[in-house]
Amino acid sequence: MKDDRKNSRHEAISAAAYSLLAEKGYAGASMLSIAKVAKASNETLYRWYGDKKGLFERLVRDNAAETEQILKSAIAREDDALQTLENVAPVLLTMLLADRAILLNRAAAAEPTGELGAAISAGGRNVVQPLFEKVLQPLARESGVDARQITGFFLSLLIGDRQIKRVIGVEEAPSRSDIETQTAAALHSFSKLIA
């Protein structure tokens with residue numbers, strides 16, 4: 001299948017998966033129901049994604065793709081860590097607080113088996129966090145702190161409890177200005193912390 005057609009089919013499958021996730025939750029969003037809504041064959045979904053967990057893991061990877069690419073490029077070029085954080089932080093925060101990520105997290109919180117939560121971790125945190133650790137390794141060495149710990153500091157400052165507030169419905173999606181303000185505050189506090 002040509003790339004454009006495959007990408008178009010994947011987008012239709014993604015839209016169907018999100019629609020059914022919102023309507024029926026993770027348990028109700030079966031591979032067959034997603035295939036029917038996407039007008040795709042059930043066999044195609046299993047061939048492309050393996051199983052439902054694999055499909056949702058791919059959706060999370062799609063969400064995290066821009067963040068992943070920025071970090072990988074910065075690592076390859078050996079860019080300055082603080083400059084990289086300035087570039088990637090608004091992208092990451094925007095993605096984490098966007099409707100699709102919030103829908104996934106709401107569904108994971110309501111899903112008793114933990115399968116969706118595992119897919120979110122596998123496709124998101126487990127991909128992005130090690131890249132942050134590589135970017136922050138030079139600062140960790142200078143500060144005498146473990147790279148995982150310094151990454152945790154930065155992500156806590158950047159995200160705080162905003163994602164959970166979105167998940168439980170007490171905070172609206174942030175504006176671009178809100179993202180810029182939060183990012184600047186996190187970077188300022190982080191710079192002071194590691195000084």
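A pocket is an open set of grid points with protein on both sides within 12 Å along at least five of seven lines. The legends below refer to a predicted model.

**View 1. The largest pocket and the residues nearest its centre.** The largest pocket has a volume of about 550 Å³. Its lining is made up of 22 residues. Nearest the centre lie Leu96, Gly124, Arg125, Ile159 and Gln163.

**View 2. Helices around the largest pocket.** Two or more lining residues come from each of α4 (52-77), α5 (81-96), α6 (99-110), α7 (115-143) and α8 (147-159). Of these, α7 gives the most to the lining of the largest pocket, with 8 residues.

View 3. The volume of the second largest pocket is about 170 Å³. Asp62, Asn63, Glu66, Thr67, Val91, Thr94, Met95, Ala98, Arg100 and Ala101 line the second largest pocket. Two or more of the lining residues are given by each of α4, α5 and α6.

**View 4. Make-up of the lining of the second largest pocket.** The largest share of this lining, 4 residues, is from α4. By class, the lining of the second largest pocket holds 4 nonpolar, 3 polar and 3 charged residues. Among the residues shown are Asp62, Glu66 and Arg100.

Definitions and conventions. Residues numbered from 1 in each chain as written. Predicted model: local features only at pLDDT ≥ 70, side-chain atom pairs only at ≥ 80, totals over all residues. Heavy atoms only, no water. 1 Å grid on protein atoms, 1.4 Å probe; cavity = no way out; pocket = protein on both sides within 12 Å on 5 of 7 lines; lining within 4 Å. Points joined across faces, edges and corners; volume = space filled by probe spheres on them. Nonpolar A, V, L, I, M, F, W, Y, C, P; charged D, E, K, R; others polar.
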